[in-house]
Amino acid sequence: MAVWALIFFIATLLPVAFLMWIIGIINEPLRTKIFRQISKGWMLTFFFLTGCRLKVIGKKNFKPGEKYIVTCNHNSLMDVPVVTPFIPAANKTIAKASMAKIPLFGLIYKRGSVLVNRNDKDSRKDSYRKMKNVLEMGMNMCIYPEGTRNRSDLPLKEFHDGAFKLAVETGTEIIPALIFHTKKVLPPGKLFYFWPAKMELHFLPPVPVTSDCDYKLLNKKIFDIMKLYYEEHI
């Protein structure tokens with residue numbers, strides 16, 4: 001199955017990469033709005049060709065004209081293609097700078113991301129500034145607070161504080177999001193493996209945030225909400 005999935009991925013990647021190059025002439029936030037529509041069409045096509053299905057729950061929790069920080073669990077390389085196109089408004093994702101170096105795919109990756117080198121203090125500071133700018137433009141910011149893929153048997157890994165500091169500083173509500181079954185499609189640790197499965201993406205109600213919140217307590221609150229929901233629905 002991995003061979004066919006790779007063929008379909010490369011075949012659909014080429015026209016998408018060309019479109020992503022073209023929209024580089026468009027200013028933000030319109031460019032990211034168009035990016036989301038293109039990437040959504042791409043992923044729907046790829047899922048269909050490879051036998052994957054996606055069920056999205058809770059889109060009504062996004063109010064038109066509002067911006068949110070979306071916090072997601074992270075189990076698989078499949079998570080970003082499942083989440084970014086299906087957040088029901090323009091958004092960017094915090095993502096590894098190293099992935100942007102991949103030919104063609106890197107162009108697409110950069111269009112939808114705020115890039116960060118986690119080993120570089122200056123890069124982390126710059127990415128934080130860029131995330132604030134994303135929110136200032138009225139777009140959503142998608143963050144995986146576990147930092148890296150969860151390879152453990154625990155429902156969630158411990159959360160980093162960045163998403164919650166950002167929420168408090170900007171007064172932006174948080175929408176917790178849970179991704180289910182992407183690990184069945186692309187399990188961490190397995191090379192050249194792909195298996196079609198029914199994936200699910202659940203958006204929970206927004207959690208209010210004010211400037212006087214304690215970001216550490218907010219971190220724990222969101223963690224507890226997501227952990228309980230995950231355990232109840234897995």
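Q: Before we get to pockets, what counts as nonpolar, charged or polar here?
A: Ala, Val, Leu, Ile, Met, Phe, Trp, Tyr, Cys and Pro count as nonpolar, Asp, Glu, Lys and Arg as charged, and the others, Gly among them, as polar. One more thing: this is a predicted model.

Q: OK. By class, what is in the lining of the largest pocket?
A: That lining has 31 nonpolar, 10 polar and 5 charged residues.

Q: And what volume does the largest pocket have?
A: About 1,400 Å³. Of its 46 lining residues, the closest to the centre are Leu77, Met78, Met99, Phe105 and Leu186.

Q: Which element gives the largest share of that lining?
A: Helix 1, with 6 residues. Helix 2, helix 3, strand 3 and helix 4 are also among those supplying at least two residues each.

Q: Strand 3, then. Is it mostly covered or exposed?
A: Mostly covered. In strand 3 (residues 91–96), 5 of the 6 residues are buried.

Q: Which way does strand 3 run relative to strand 4?
A: Parallel, with 4 bridges joining the two. Alanine 95 stands opposite leucine 115 in strand 4. The chain goes from strand 3 through helix 4 (residues 105–111) to strand 4, and this β-α-β crossover is right-handed.

Q: What about strand 5?
A: Strand 5 (residues 140–143) pairs with strand 3 in the parallel sense, over 3 bridges. Asparagine 140 is the bridge partner of asparagine 91.

Q: Which helix gives the most to its lining?
A: Helix 5, with 6 residues. By class, the lining of the second largest pocket has 8 nonpolar, 4 polar and 7 charged residues.

Conventions: Residues numbered from 1 in each chain as written. Predicted model: local features only at pLDDT ≥ 70, side-chain atom pairs only at ≥ 80, totals over all residues. Heavy atoms only, no water. Buried < 20%, exposed > 50% of the residue type's maximum accessible area, 1.4 Å probe, protein only. Pairing = 2+ DSSP bridges. Right-handed = clockwise from strand over helix to strand, strands pointing away. 1 Å grid on protein atoms, 1.4 Å probe; cavity = no way out; pocket = protein on both sides within 12 Å on 5 of 7 lines; lining within 4 Å. Points joined across faces, edges and corners; volume = space filled by probe spheres on them.
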